[in-house]
Amino acid sequence: MTTAPADAAVPGTSGVSDAAHGGSHGLTGRGYVRVAVILALITALEVSTYYVDFGPFFLPALIIMMVVKFLMVVSYFMHLRFDHGLFSFLFYSGLVLAIGVYVAFLSTLHFFLR
Amino acid sequence: MAEAALHGAAHGAAHPHTSTGLSNVKLGMWVFLGSECLLFGGLISTYMLYRGRVSQGPTPAQVFDIPFTSVSSFVLLMSSLTMVLAVSAAKLGDDRRTNLWLTVTALLGATFVGGQVYEFTAFYNEGLGFGTSLFSSSFYTLTGFHGVHVTVGIIMLMSLVGIFRRSRVPGSKSETVEMVGLYWHFVDIVWIVIFTLIYLIPV
């Protein structure tokens, strides 16, 4: 009979742990800090667009940075990357439905033509 | 036999005896968060539609304080880090660190809400009431709803700390922390969207 796997949450090794008690995999403490630092740097870059003229790249850059931050939090902090696919399906279904419904709603009111 | 029972208990949270083999609580939470996307999607869309509709009172560019809101955003972002550290500690069965990180998360959340109250007060003093314009109504409704979500999260975090101190947690303790964590991270990702679309993109 196998025993519960020893927790591999050793900071600075692989950066990924197999939490024996919770079931879902995730990063180590150091891995989470790394993700948070990246998120903070992206936020700083976002704020810089308010002061620095990025020209035509302003809007696409902001949207891309927003999406990257969103996905990083969902994937690593909310563990969707390491969890069962059904959880991803349930969440992204709601998200895609919301985006679809409200893009249609805004299009109907000619929002994107302004 | 006893070893098998212990092994099963250790993995109870990971492989519950449900028809899907997954925790129904966790499934329910993800369905709830998916539905919350529709709620905030509606509020954000309404704001986007009305943000330029200022018949009287100040415009967004006149009232928004980007440096202040950037600091608030950073605080909320860091609260996601402390929350995930609390979840990690709970999974390892480290009650002391779990309580510590939950408390720090609640404090960071309270700082964010305090900043929002300060911001609303400053806007009001500059002549931006709830009914001043379509912009102000949609702005206060959107950010107010988000603030209420953060406040509910803080209440849940502090309740968890209190319940853990009395050791009255039914079921898996780590799963309970994880569920509150999912809610907290969701509130954070909603703010990521709000900060970019509402504050950083000019009208």
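H1(A) passes H4(B) in a right-handed crossing, the near helix being turned clockwise from the far one by less than a right angle. This is a predicted model, in which local features need pLDDT of at least 70, side-chain atom pairs count only at pLDDT 80 or more, and totals for chains, interfaces and linings use all residues. Residues are numbered from 1 along each chain as its sequence is written, chains are lettered from A and ligands numbered from 1 in the order written, and side-chain values use heavy atoms, without hydrogens and water.

- The contact (heavy atoms within 4.5 Å) involves, among others, A:Tyr32, A:Leu39 and A:Tyr51 of H1(A) and B:Pro67, B:Phe74 and B:Leu85 of H4(B).
- Its residues divide into 16 nonpolar (Ala, Val, Leu, Ile, Met, Phe, Trp, Tyr, Cys and Pro), four polar (the others, Gly among them) and no charged (Asp, Glu, Lys and Arg).

**Chain B**
- Chain B has seven helices and zero strands, where helices are DSSP runs (H or I) of at least four residues and strands (E) of at least two.
- The C-alpha trace of chain B spans about 75 × 35 × 25 Å along its principal axes.
- Of the 203 residues in chain B, 55% are buried, that is, under 20% relative accessible area with a 1.4 Å probe, protein chains only.

Terms used: Buried < 20%, exposed > 50% of the residue type's maximum accessible area, 1.4 Å probe, protein only.
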